[in-house]
Amino acid sequence: MSLALASRGGPLSGIRVVEFAGLGPTPFAGMMLADYGAEVLRIERAGAPPYLGAADFQVLNRSRPSIELDLKQPAGAAFANELLTKADILLEGYRPGVMERLGFGPTTVCAANPKLIYARMSGWGQEGELATLAGHDINYLAMSGALHAIGPAGAPPVPPLNLVADFGGGGMLVFSGILAALVERASSGRGQVIDAAMLDGSALLFAQIAGWQAAGVWHDRRGHNLLDGSAYFYRCYATADAKFIAVGALEQQFHDALLSALGLEPEEFGDRLEPAQWDARSALLAERFRTRTRDEWVTHFAGIDACVSPVLSLEEAEANPANAARRLYVDGEPSAAPRFSRTPAERRSTPGSAGQGGAAALRQWGMTDDQWRPLRDEGLLRAE
C-alpha cells in the first residue's frame, strides 16, 4: 500500500498535519489523525535510529509518510517552515523550549499561518517548575495521584504499562484537543495553541475516582475499593492451567449470575459491598476457579451474562473468533477505531523506514522537485 498515495476518505480528509517525530503519545496522536484520513507528514530527525525495534514494526508510525530533515541547518529549517504554511495542524512532543530554539515556536509559525492549530504534547506542561524536567508515564501517573490507587494492599503501586499517562492522558488528550480546535476554527477562522500535558491528562482520567473519594465511597489506600481488585466480584482468578479468568460482576444481576454458575447461593452474599467480607469470599471463589482450566470456564460461562472473560495474551486476542469477526487486529496491528458509517477510519499503510513515501507526499503538498531535491542532494533531506 502506497504511503503517500493511499486513498484517504476518512472524517479528517483534507486536513494537513506536520508531525515533528517523537515518542509515545505524539506518534500515537499522529497515527490517530492519519487513520482518520488526515494527510500527516512526519518529520524525522536526521539520523535518528528506530525506537525499540525495526522501523517496520513501529505501529505508531503507520498510515503516513515521512521525511528525514536536518532542522538545525538553515536550508532545512526554511523548508520545514514552508511546509508549515500549508498545514492545518502542527503536532510536536518535545520538552518546552525545544521548538523555540529550532525556530519553530508558535509565535513565529502562527504569525506566518494564523489558521494553524499548534498542538504541544509534553509531560508536565509548558510552564511550571517541572516543565523542563524529564519524565515517563509512571512519573506523571505518580504525581497526579492515580498511581497511588493501583495495585494490591501491602505492596508497591503497579504501573498499568504505559497505557494511562502516555496514551490515555497524553495521545488521546492532544488528539481530542486538536478535534475541538478544528471545530472552533470552523467558526472563528483562527488557529490556537494546545498545551496538552500527560500530568493533566492523568488527573483528568482519575476524575471519577477523585469524586468518589470526596464523597467518602472510595478509600485512599490500595486494596480496599470496588475497582482495585480487592472485591471478590471484580478481580482475576487463576485457573487449573495457570491461566486467568477476569470477573467484572459489579451489578447485582451479574453478581448473582456469577455465583449461581459457580454453584453458590446468591442469597448468602447479600452484603456484597461490605469490604470486610471480600477476602474470605475471594478465597472461596479462587478455590472454585482452580478446579477447571481457563477454557473450560469459558465454555461453562458461555451464554451466561455474568461479565466473565478469559485473560488472553496478545496472540490469543488476535486469534479469538469474536475479536477476529470484528477485525480487532489486522496483520498484528490494532484496527482503527471507532467505526464510522460513511467516512471510515482505517489503517492507511503499514509503518516504514524514515523517508519512505516522502517524495510523493511532498509533491502532494505542492512542493516542487526544485524545492526539495537540492536538499536531498546536499544530504539535508531524505525522501524516498
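Modeller: Helices H5 and H7 are oblique to each other, a class left over once angles under 35 degrees are called roughly parallel, over 145 roughly antiparallel and 65 to 115 roughly perpendicular. This is a predicted model, in which local features need pLDDT of at least 70 and side-chain atom pairs pLDDT 80 or more, while totals for chains, interfaces and linings use all residues. Residues are numbered from 1 along each chain as its sequence is written, and side-chain values use heavy atoms, without hydrogens and water.

H5 covers residues 137–144 and H7 residues 198–205, both being DSSP runs (helices H or I of at least four residues, strands E of at least two, numbered from the N terminus). On the H5 side, Tyr140, Leu141, Met143 and Ser144 are in contact (heavy atoms within 4.5 Å) with Met198, Leu199, Ser202 and Ala203 of H7. Six of these residues are nonpolar, two are polar and none is charged (Ala, Val, Leu, Ile, Met, Phe, Trp, Tyr, Cys and Pro are nonpolar; Asp, Glu, Lys and Arg charged; the others, Gly among them, polar).

H7 also packs against helix H6, residues 163–188, with the axes again 8 Å apart but at an angle of about 100 degrees, and these two helices are therefore roughly perpendicular to each other. From H6 the contact takes in Val164, Ala165, Asp166, Gly168, Gly169, Gly170 and Leu173, and from H7 it takes in Met198, Gly201, Ser202, Leu204 and Leu205. By class, this contact holds six nonpolar, five polar and one charged residues.

As a point of reference elsewhere in the model, helix H10 (residues 278–289) packs on a sheet, where the helix touches strands S7 and S8 and its direction makes about 40 degrees with that of S7. That sheet is open and antiparallel, with three strands in the order S7-S8-S9 (strands pair if DSSP finds at least two bridges between them). S7 (234–238) and S9 (308–310) stand at the edges with a single partner strand each, so one side of each is left without a neighbour in the sheet.

How values were computed: Axes fitted to C-alpha atoms, helices over the stretch in contact; angles between N-to-C directions.
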